[in-house]
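This report describes a single protein chain, from its overall form down to selected residues. Please look at the sequence and the model before reading on.

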Amino acid sequence: MRLVVTGGAGYIGSHMCKLLSEAGHQVCVVDNLSTGHREAVQWGELEVGDIRDADFLRSVFGRFSPEGVLHFAAKSQVAESVQEPADYYDNNVVGALTLLDQVRRQAGCVFVFSSTAAVFGVPQTELIDEQHPRNPINAYGATKLAIERVLENYAIAYGLRSISFRYFNAAGADPSGLIGEAHEPETHLVPKILMSALTQGEPMRVFGEDCDTPDGTCVRDYVHVNDLGLAHLKGLEFLQKAEGAHFYNLGNGAGFSVMEILAASEAVIGRAIAREICARRAGDPARLVADATRARKDLGWVPSYPNIAGIIGSAWAWHSQRRF
Ligand code: UFG
């Protein structure tokens with residue numbers, strides 16, 4: 001297929017481009033390079049521009065005639081979204097609406113949307129499935145939910161076929177060592193632990209040990225970035241037959257606390273990691289773990305990195321020999 005990948009210079013988007021290209025698809029990356037890296041675009045062509053720029057999108061769509069769009073371009077930091085909600089609504093909602101204007105004019109074009117566990121807000125059940133109420137507690141989750149609703153409406157009104165994938169905690173890197181997680185600044189747990197081990201600088205800050213979890217630190221469901229990509233490949237096949245707007249939660253269904261991730265990282269890298277306990281981070285739910293049964297059943301999605309050591313090991317291989 002001819003596929004536009006917005007945000008293809010970013011962490012998850014660049015891994016997606018590699019998998020798409022290996023599967024024989026033709027890729028056009030659309031990225032404004034605000035947080036992505038030109039060096040990460042190694043599969044497919046790059047069009048530098050902003051998804052809020054309708055003229056730019058029109059020219060890309062006119063030239064490339066995509067049969068599908070995978071939309072990764074977004075602002076994605078929860079804490080920042082609480083402080084700068086206007087930026088989040090502009091990039092994530094206005095941007096996605098501008099993009100969708102092109103998508104729905106492109107006959108037969110399907111849409112795959114990067115959504116998030118943050119659409120659910122505070123979990124009411126131990127495992128979060130697709131039936132769980134969507135009550136985001138921050139602007140980031142609210143912007144992603146807004147687009148999920150748009151996709152439901154567009155399926156009915158315009159016949160747009162789409163899948164929204166709600167990622168839990170993406171981690172790890174491609175085994176080639178060519179690409180990996182490279183945020184600036186980095187806020188995510190796994191890369192921060194590994195970077196702190198490499199620099200032997202400041203101790204790792206653990207945000208809170210008074211949560212309602214077995215060891216008091218927050219529990220998350222870590223899923224390998226290429227397993228997220230694999231779900232998208234399966235999703236593209238599924239959309240060839242399925243009409244409507246579809247929603248899938250993507251995680252391994254296993255929760256690990258911050259302390260457990262520290263211990264697993266120490267085991268992978270073979271050295272102790274200094275840490276200090278700090279206050280809880282505002283807006284962090286105690287526990288977020290997916291029930292991904294629906295993706296396994298409908299899409300035949302079987303993650304190839306079900307173990308946390310394998311996920312952290314792949315991230316460590318990247319961070320210890322980082323190319324950008
Ligand atoms: N944490 C620390 N110290 C750090 C960084 C993180 O203790 O230096 C803790 C956090 O408090 C949290 C856990 O490690 O409990 C994981 O934090 P991340 O920042 O790696 O990930 P989040 O769970 O906050 O964020 C993820 C996705 C978001 C999504 C969110 C849903 O990255 O896109 O889950 O709540 F919105």
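## Basis and conventions

Helices (H or I, at least four residues) and strands (E, at least two) are DSSP runs, numbered from the N terminus. This is a predicted model, in which local features need pLDDT of at least 70 and side-chain atom pairs count only at pLDDT 80 or more, while totals for chains, interfaces and linings use all residues. Residues are numbered from 1 along each chain as its sequence is written, and side-chain values use heavy atoms, with hydrogens and water left out.

## Overall form

The chain contains ten helices and 14 strands. Its C-alpha atoms fill a box of roughly 55 × 40 × 40 Å along the principal axes.

Contact means heavy atoms within 4.5 Å. Of the contacts in the chain with a separation of 6 or more, 77% are between residues 24 or more positions apart.

## Surface and charge

By the Shrake-Rupley method with a 1.4 Å probe, the accessible surface of the chain is about 13500 Å², and carbon and sulfur atoms account for 48% of this area. Buried residues (under 20% relative accessible area; exposed is over 50%, partly exposed in between; 1.4 Å probe, protein chains only) make up 53% of the 324 residues.

There are 29 positive and 38 negative charges, and their mean positions are 4 Å apart. Lys and Arg count as positive and Asp and Glu as negative, without His and the chain ends; each charge is placed at NZ of Lys, CZ of Arg, CG of Asp or CD of Glu.

## Nonpolar core

A nonpolar core is a set of buried Ala, Val, Leu, Ile, Met, Phe, Trp, Tyr and Cys residues joined through side-chain atoms within 4.5 Å. The largest one here has 41 residues, and L20, L70, F165, L250 and W301 have the most contacts inside it. Elements giving two or more residues to this core include the strands β1 (2–6), β2 (26–31) and β11 (245–250), and the helices α1 (11–22) and α9 (293–299). The largest share, seven residues, comes from α7. In soluble globular proteins, nonpolar side chains tend to be buried together.

## Backbone exceptions

Most residues other than glycine have a negative phi, and most peptide bonds are trans. A cis peptide bond, with omega about 0 degrees, joins E184 and P185. P185 is in the loop between β7 (169–171) and α6 (189–199).

S65 is not a glycine but has a positive phi of about 45 degrees. S65 sits in the loop between α2 (54–64) and β4 (68–71) and is partly exposed, at 28% relative accessibility. Q200, also not a glycine, has a positive phi of about 50 degrees. Q200 belongs to the loop between α6 and β8 (204–207), and its relative accessible area of 57% makes it exposed.

## The loop between β5 and α5

P123 lies in the loop between β5 and α5 (139–158) and is partly exposed, with a relative accessible area of 22%. Apart from neighbours within four places in sequence, P123 is in contact with I128, H132, P285, R287 and L288. The C-alpha atoms of P123 and A286 are separated by 8.8 Å, although these residues are 163 residues apart along the chain.

H132 lies in the loop between β5 and α5 and counts as buried at 5% relative accessibility. Beyond four places in sequence, the contacts of H132 are F120, V122, P123, Q124 and T125.
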